[in-house]
Amino acid sequence: MRKALFALALVFAWPPPAWAVNPDEVLSDPVMENRAREISRGLRCLVCQNQSIDDSDADLAKDLRIIVRERLTAGDSDAQVVDFVVSRYGDYVLLKPPFKLATLVLWLGPAAIAGGGLIAVLMFFRRRRTGESAVQPAAVLTRPPPLSDEENRRIEELLKDDAP
Amino acid sequence: MANRLVYILPLMVFLIMAVYFAIGLSKDPSILPSALINKPIPEFSLPPIDGGPGKGFSSADLRGNGVSVINVFASWCVPCRVEHPLIARLAALKVATVYGLNFKDKPKKALKWLQEMGDPYAAHGSDPKGRVAIDFGVYGIPETFIIDNDGIIRYKYVGPINPGRLEKEILPIIKKFSP
């Protein structure tokens, strides 16, 4: 019983996830530290490219984390801090690209392609229903006219001939 | 007639994708566009490498003195060693003032490196914390900047320059912005 409790305690004592942020970088004000973490999570580490500076162990990421905290301590707003970094490294430093003229295709492209595809599919089915279709399957799908009396008579004749 | 177009559509989609991939995959993803091209240089003042000659350089030196080149280097940076003879060749041509920005280096090691490799720089500045480099948007060294007479950044190259790059890009751009 005691062992089980101990094991349970261990489970709940699971260490919090580790971050690249070093203890000496952490600000004493928890509110400001939270803002810094939030900003850092949105900034790309340019050396490793697909990690945020919050996750990255690279030197440049560490420098940028410190700069983010310095700017915040100096009284900058979150947007001002982000602008500070973007003005030096460009929009690429933002893990979430901004919505503006240059990125219009990026943001709206997938929706436009999906919409276009949907319209094409709808048009295809509507045409098929009205009998006029791109591949003209109407002839295949509609039943052929029933055999006439003359044709039935010929079939019977042919079958009779075949009999031994 | 319109019906026939449906058959060509997959081919067209394929061709469009092929063009996108041809452009996208032939680019080196580690080379990023600089946000500072055609923007004025950040204000800075760098002290000389501790114990070395000269008096460092500042943003004021880069305005009104013709075209300047800033080469970001460090003794621990292996590609810097590779490109250094070309920086020396560029400096010897005297088409631009070549400054060296010593990035996050130990002064002793930097001076030894310059002694060993040759010191082509008109002046060098020490940036032990890399703060000025960050103002320049530096993310991997070596990096080389061309700055025109008005202190506007006109070109940036990330990585070691090679003879082709020097002849075909750097020298023509310096010439273009020379007053």
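Which residues does Ile70(B) touch, not counting residues up to four places away in sequence? In the predicted model, the contacts of Ile70(B) are Phe44(B), Phe57(B), Leu62(B), Tyr99(B), Leu101(B), Phe136(B), Glu143(B), Thr144(B), Phe145(B) and Ile147(B). Ile70(B) belongs to the largest nonpolar core, which has 46 residues, and together with Phe136(B) touches the most other members of that core. At least two core residues come from each of several elements of chain B, among them strand 3 (68–73), strand 4 (97–103), strand 6 (143–147) and strand 7 (153–158). Helix 2 (78–93), helix 3 (107–117), helix 4 (131–135) and helix 5 (163–177) of chain B likewise supply at least two residues each.

Chain B contains 5 helices and 7 strands, in the order α-β-β-β-α-β-α-β-α-β-β-α from the N terminus. The C-alpha trace of chain B spans about 80 × 35 × 30 Å along its principal axes. Its radius of gyration is 21 Å, whereas a compact globule of 179 residues would have a value near 16 Å. Of the 179 residues in chain B, 45% are buried. Among contacts in chain B with a separation of 6 or more, 72% are between residues 24 or more positions apart.

Within chain B, Ser126(B) lies in strand 5 (residues 123–127). Ser126(B) is classed as buried because its relative accessibility is 10%, below the cut-off of 20%. Apart from neighbours within four places in sequence, Ser126(B) contacts Leu46(B), Pro47(B), Pro48(B), Ile49(B) and Asn102(B).

Chain A has 7 helices and 0 strands, and its elements accordingly read α-α-α-α-α-α-α from the N terminus on. Buried residues account for 26% of the 164 residues of chain A. Of the contacts in chain A between residues at least 6 apart in sequence, 49% join residues at least 24 apart. Chain A exposes about 12200 Å², with 64% supplied by carbon and sulfur atoms.

Helix 5 of chain A comprises 26 residues (residues 104–129). At 1.5 Å a residue this helix should span 38 Å, and the 37 Å between its end C-alpha atoms therefore agrees with expectation. Helix 5 of chain A also carries a kink of about 30°, centred on Pro110(A).

Technical notes: Residues numbered from 1 in each chain as written. Chains lettered and ligands numbered in written order. Predicted model: local features only at pLDDT ≥ 70, side-chain atom pairs only at ≥ 80, totals over all residues. Heavy atoms only, no water. Helix = DSSP H or I, 4+ residues; strand = E, 2+ residues; numbered from the N terminus. Buried < 20%, exposed > 50% of the residue type's maximum accessible area, 1.4 Å probe, protein only. Contact = heavy atoms within 4.5 Å. Areas by Shrake-Rupley, 256 points an atom, 1.4 Å probe, with all protein chains shown as cover. Expected span 1.5 Å × (residues − 1). Bend = angle between axes of the 7 residues up to and from the residue. Core = buried A, V, L, I, M, F, W, Y, C linked by side-chain atoms within 4.5 Å. Rg over C-alpha atoms; globule rule 2.2 N^0.38 Å.
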